[in-house]
Amino acid sequence: MKLVFAGTPEVAVPALDALIASERHEVAAVVTRPDAPAGRGRRLVASPVAERAEEEGIEILRPASPRDPAFQERLRQIAPDCCPVVAYGALLPKPALEIPAHGWVNLHFSLLPAWRGAAPVQHAVLAGDELTGASTFQIEQGLDSGPVYGVVTEEVRPTDTSGDLLTRLALAGAGLLAATMDGIEDGTLHAVPQPAEGVSHAPKLTVADARVDWSAPALRVDRVVRGCSPAPGAWTVFRGERLKLVQAVPDPQVTDLAPGELRAGKHSVHVGTGSHAVELRWVQPQGKKPMQAADWARGARTTAGEHLGD
């Protein structure tokens, strides 16, 4: 099939690579978000998908919105058979959805209908799911509600951050998306409607969502720190300034600290929660690079009885 691939961030690149490597399909163009300012100089930077397409000499379409008539006209000229999508980042209007003969097929990082929305991996970690995966489905007007072509499953490991899990799902999902294109092309694969039961939603996490509540149990604190890593990054307040929590591990042996109470030893830093303590392993003070928590505590000269949070 002739394909137009839509995607933007680094997590979409493995799927693009899998389709480029396929001997059965041609990636005629990619659709990605416009160049965006990045870094201290705020200079415009191309998306990872655009950079990869440029390396391969593939045409790049960067509409400000997929509603742009000029973009839709160019898509009609290319006349793709199907448009595979991975984390494109914009809603597709009905006129655009109707252009490819086989529609737009999205690779979504959950076992649909669980965790429909922008942050399925983060919510799976936050919820303590033991199993997740990726799904390919036909895009329709509803939010991640279209019929499903195929799935792969992935275990959520006890120490997984969202970044760890997403990296594995991007690789496994790349193979799934390529296989889905094969099945659509040869007519052996047909989408099946999602069940009405088991629907859950995964909206984008905000900075407020990532703030640690020290009155919550240690298990919840652990999930927030892992689920919000690398973005938006779990955080708390210390001496009036934000402190990012990069790694925190529950420690059931320490039970004598009040919620938020800080205890720094020579080689370890513990904080009380609503149950037992967590050990801070890595933190990032405001305006600084990540550092080991023991080094941070020594530099801050923490004292007995100090607390994290309000």
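Of the 310 residues of the chain in this predicted model, 48% count as buried. The accessible surface amounts to about 14900 Å², and carbon and sulfur atoms contribute 52% of that area. The C-alpha trace spans about 70 × 45 × 30 Å along its principal axes, and the chain holds 8 helices and 15 strands. When contacts with a separation of 6 or more are considered, 65% of them are between residues 24 or more positions apart.

Helix H2 covers residues 48–56, and its buried residues are Val49, Ala50, Arg52 and Ala53. These residues lie on the same side of H2, because they cover an arc of only 165° around the axis. An α-helix has 3.6 residues a turn, so residues three or four places apart point the same way. What does the buried side of H2 pack against? The partners of its buried residues are strand E1 (2–7), helix H1 (13–21), strand E2 (26–31) and strand E5 (59–61). On the face of H2 turned away from the buried side are the exposed residues Glu54 and Glu55. After H2 comes Gly57, which has a positive phi near 70°.

**Backbone features in loops**

Arg42, with phi near 55°, belongs to the loop between strand E3 (36–38) and strand E4 (43–45), and with a relative accessible area of 52% Arg42 is exposed. Asp144, with phi near 50°, sits in the loop between strand E8 (131–138) and strand E9 (148–155); at 11% relative accessibility, however, Asp144 counts as buried.

Another runs from Ser229 to Pro230, where omega is near 10°, and Pro230 is located in the loop between helix H7 (218–227) and strand E10 (235–238).

**Cysteines**

How many disulfides does the chain contain? The count comes to 0. For Cys82, the closest cysteine sulfur is that of Cys83 at 6.5 Å, which is too far for a bond because a disulfide requires sulfur atoms within 2.5 Å. Cys82 is buried, its relative accessible area being 0%, and Cys228, at 1% relative accessibility, also counts as buried.

Val212 occupies the loop between helix H6 (162–186) and H7, and its relative accessibility of 7% places Val212 among the buried residues. Apart from neighbours within four places in sequence, Val212 is in contact with Val221, Val224, Val225, Ala234, Trp235 and Leu245. Between Val212 and His267, which are 55 residues apart in sequence, the distance from C-alpha to C-alpha is 23 Å.

Ala258 is part of the loop between strand E11 (241–251) and strand E12 (262–264), and with a relative accessibility of 33% Ala258 counts as partly exposed. When residues up to four places away in sequence are not counted, Ala258 touches Gly272, Thr273 and His307. His307 lies 49 residues from Ala258 in sequence, while the two are 8.9 Å apart in space from C-alpha to C-alpha.

The relative accessible areas of several residues discussed above are collected here.

| Residue | Relative accessible area | Class |
|---|---|---|
| Cys82 | 0% | buried |
| Cys228 | 1% | buried |
| Val212 | 7% | buried |
| Asp144 | 11% | buried |
| Ala258 | 33% | partly exposed |
| Arg42 | 52% | exposed |

Terms used: Residues are numbered from 1 along each chain as its sequence is written. This is a predicted model: local features need pLDDT of at least 70, side-chain atom pairs count only at pLDDT 80 or more; totals for chains, interfaces and linings use all residues. Side-chain values use heavy atoms; hydrogens and water are left out. Helices (H or I, at least four residues) and strands (E, at least two) are DSSP runs, numbered from the N terminus. Buried means under 20% relative accessible area, exposed over 50%, partly exposed in between (1.4 Å probe, protein chains only). Contact means heavy atoms within 4.5 Å. Accessible areas come from the Shrake-Rupley method with a 1.4 Å probe; for residues, only the protein chains shown count as cover. The arc is that of the directions from the helix axis to the C-beta atoms.
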